[in-house]
Each structure stands twice: as structure tokens, then as C-alpha cells.
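Reader: I have a model open and want to learn to read it. Where do we start?
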Amino acid sequence: MLRSSRRKMRDRILLHICCAPDATIPWPSLRSEGFEADGFFYGGNIHPASEWEARRDAVLALSRAFGWTAEIAPYQPERWHEAADRAASAPEGGARCAICFSLQLGAAALYAASNGYKYLCSTLSISPHKSPDAIGAAGEAAAESAGVKWVHRVWRKNDGFRLSVARSREMGLYRQNYCGCVYSMRRPGACGSAA
Ligand code: SF4
């Protein structure tokens, strides 16, 4: 595991942000480890567009509150659907989510590689409903393909999810009640989102 005491310079890391509440713990944690951590919001999985706007605005509000940079990827839900619709009927945590992780982390890895980041990490693992192993596999593959290094963290450890809920409430951040895609709207509260 990389720790600041083992680094002579601040390493640039891109933190893939699935939503602002889930970033409230990982982002400052990476900064306190000594990383120069910036955020990246993909969002193509989010439905409908008005929900994407609300989550985008929450990420930007968090970025302003922390004083750190967050990149917002162009909203391209059609690309997400092209890849993920073939697993539309899969249960949450199954094949559709594995595809979704790859799309989100693939986009983040490409942005990281094109913008001088050495490392990639994700907030996804703060959810008690998502598999850290599946996230790690997608992250490793995306990072290797783009030529950056995956930093694996399981943010839900040490009560991370509960702390993220508390902190996002304190900060007045928008909190959704479903994971994000149109298929997850059938199961509000899943994927670690707010109920
Ligand atoms: S439930 Fe969440 S992780 Fe799974 S495919 Fe939908 S948006 Fe992606």
C-alpha cells in the first residue's frame, strides 16, 4: 500500500467519483495520505438527465467545499446503454454492474492517462452493496489498459459508509435514493445510495 511517508513527492491520483456523498470520505483520505487527489465524475450511467444534473452539481459543490478540482465527463448515456443494456435484466451486483464499473473506470483511466495522473482510485467501494473484488478487477484492468496504476481501497471498511452518510448530511449535499441507472430505479436505496 502506498503511504505518504514512502513518497518523496506528492503523487497525482485521479479519484473516480460515483456520487458526491460517496466521495466525502475517500477524497480527504487520499489527500491525507499525501496524494494530490482530483476528482472525476463519469455519470453516463445516471438516468434521467435531470438526475445527472443534480449529481453533477453535488460533485461540483463538494469540489468547491474542499477546494479541490473535479472533472465532469460529458453526459453520454447512449454509450452506457450500448454496452450495459445487454445485461439489463441482471440483478444488482451482477453482470450489468460489472459492465458499468468497467465503463466508469475505463473513462476515468483514460482521462487520468491523458492528463498526467499516475494513479487511479474510485469511491465505488464505499457502498455496502457493491463488490470490492469486482470493482478492483475493473479498476486493475482499466488502469493497466490506460497505462496508470490502480490504487485499491475498500472505503466501506472502518464504518466508511455510515461516516459518508453523516458527512454528506452535515455538508448539505444532495443524496439520491437509487444507485443511478434506469434499471436501479426499480430498487430504491440500493448500491449504498441514500434512502
Ligand atoms: S445498479 Fe448502479 S452500478 Fe449497477 S449498473 Fe446500475 S448504475 Fe451501474
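Author: Start with pairing: two strands pair if DSSP finds at least two bridges between them. Keep in mind that this is a predicted model.

Reader: Which residue of β4 is the bridge partner of L14?
Author: L120 is the partner of L14. The strands involved are β1 (residues 12-17) and β4 (residues 119-122), which pair in the parallel sense over four bridges.

Reader: What holds paired strands together in general?
Author: Strands of a sheet pair through backbone hydrogen bonds, either parallel or antiparallel. Here the pairing is parallel, in an open sheet of five strands ordered β3-β2-β1-β4-β5.

Reader: Are the residues on the faces of β4 buried or exposed?
Author: Buried, on both faces. Y119 and C121 lie on one side, L120 and S122 on the other.

Reader: Which helices should I look at against the sheet?
Author: Take α5 (residues 95-114), which packs on the sheet and touches β1, β2, β3 and β4. Its direction makes about 155° with that of β1. Then take α3 (residues 49-66), lying across β1, β2 (36-41) and β3. The angle between α3 and β3 is about 160°.

Reader: How many residues surround the ligand, and which are closest?
Author: The count is 12, and the closest are C97, C100, C179, G180 and C181. Helix α5 gives the most to this shell, with three residues. By type, the shell has seven nonpolar, three polar and two charged residues.

Reader: Now the whole chain. In what order do the elements run?
Author: From the N terminus, the order is β-α-α-β-α-β-α-α-β-α-β-α. That comes to seven helices and five strands.

Reader: How does the radius of gyration of the protein chain agree with a compact globule?
Author: Compare it with the value for the chain length. With 195 residues, a compact globule would have a radius near 16 Å; the chain has 15 Å, so the two agree. The C-alpha trace spans about 50 × 40 × 30 Å along its principal axes.

Key
Residues are numbered from 1 along each chain as its sequence is written. This is a predicted model: local features need pLDDT of at least 70, side-chain atom pairs count only at pLDDT 80 or more; totals for chains, interfaces and linings use all residues. Helices (H or I, at least four residues) and strands (E, at least two) are DSSP runs, numbered from the N terminus. Two residues are in contact if their C-beta atoms, placed from the backbone, lie within 7 Å. Axes are lines fitted to C-alpha atoms, for helices over the stretch in contact, and angles run from 0 to 180 degrees between N-to-C directions. A residue is near a molecule or strand if its C-beta atom, placed from the backbone, lies within 6 Å of it. Ala, Val, Leu, Ile, Met, Phe, Trp, Tyr, Cys and Pro count as nonpolar, Asp, Glu, Lys and Arg as charged, and the others, Gly among them, as polar. The radius of gyration is taken over C-alpha atoms; the globule rule is 2.2 Å times the number of residues to the power 0.38. A residue is buried if 20 or more other C-beta atoms lie within 10 Å of its own, exposed if 12 or fewer, and partly exposed in between; C-beta atoms are placed from the backbone.
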